[in-house]
Amino acid sequence: MPLSCNPPVSKQQKALLTGEAFWSFSLSHYNEDGVQQGALILQDKHHGNVNLALLLIWLDSLSIGFPTPDIKTLETALISTDTLLFSYRKLRKAIKKTANISLYQDALNFELQLERQQQADLIEALLRIPLKQVTAIDPPALLRHYCLSLNAETLIFNLQANQAN
């Protein structure tokens with residue numbers, strides 16, 4: 001059954017898709033066994049975006065979908081923060097080698113602020129996409145599609161952790 005045959009997400013469901021809810025999910029999910037390792041491989045070896053992957057995992061877990069070409073809309077929302085995040089991540093890793101714990105913690109805290117901003121940008125873009133409820137007939141597959149597009153299908157299991165898919 002094509003996604004377009006699925007009913008749209010209700011206003012109540014859409015209202016639950018907030019930056020705070022996404023951030024909370026991300027913090028919890030990232031700490032699941034294997035997720036951090038899978039996320040770093042996705043980021044470093046496949047040039048994927050961890051926040052986008054986390055968003056897709058969250059949506060899959062909520063049985064919310066959208067036409068896969070709309071992933072481009074979400075990727076466009078990342079442009080403003082991606083370069084800055086990459087730079088700060090590189091800087092933080094260099095600081096870590098100096099053993100200046102205070103400076104490292106400051107860099108990490110700022111990087112987390114950028115991550116949170118990127119997630120807010122993703123939610124803003126997401127709410128402009130026509131969202132649909134996903135059924136058992138047409139199971140959630142946003143993360144699968146994203147990983148396949150990055151040639152990172154071996155990471156799907158790690159990234160999903162205990163999510164049902």
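## Just after helix H3

Histidine 47 takes a positive phi of about 55°. This residue comes just after helix H3. Helices here are DSSP runs of H or I with at least four residues, strands are E runs of at least two, and both are numbered from the N terminus. This is a predicted model, where local features need pLDDT of at least 70, side-chain atom pairs count only at pLDDT 80 or more, and totals for chains, interfaces and linings use all residues. Residues are numbered from 1 along each chain as its sequence is written, and side-chain values use heavy atoms, with hydrogens and water left out.

H3 covers residues 35–46. Val35, Gly38, Ala39, Leu42 and Gln43 are buried (under 20% relative accessible area; exposed is over 50%, partly exposed in between; 1.4 Å probe, protein chains only). They cover an arc of only 130° around the axis, which puts them on the same side of H3. The arc is taken from the directions from the helix axis to the C-beta atoms. Gln37 and Lys45 are exposed on the other side.

Cover for the buried residues includes helices H2 (19–30), H4 (50–61) and H6 (79–98). H8 (142–149) and H9 (156–160) also contribute. Contact means heavy atoms within 4.5 Å.

## The whole chain

The protein chain has nine helices and two strands. Along the sequence, their pattern is α-α-α-α-β-α-α-α-β-α-α.

Buried residues make up 41% of the 165 residues. Among contacts with a separation of 6 or more, 82% join residues 24 or more positions apart. The C-alpha trace spans about 55 × 30 × 25 Å along its principal axes.
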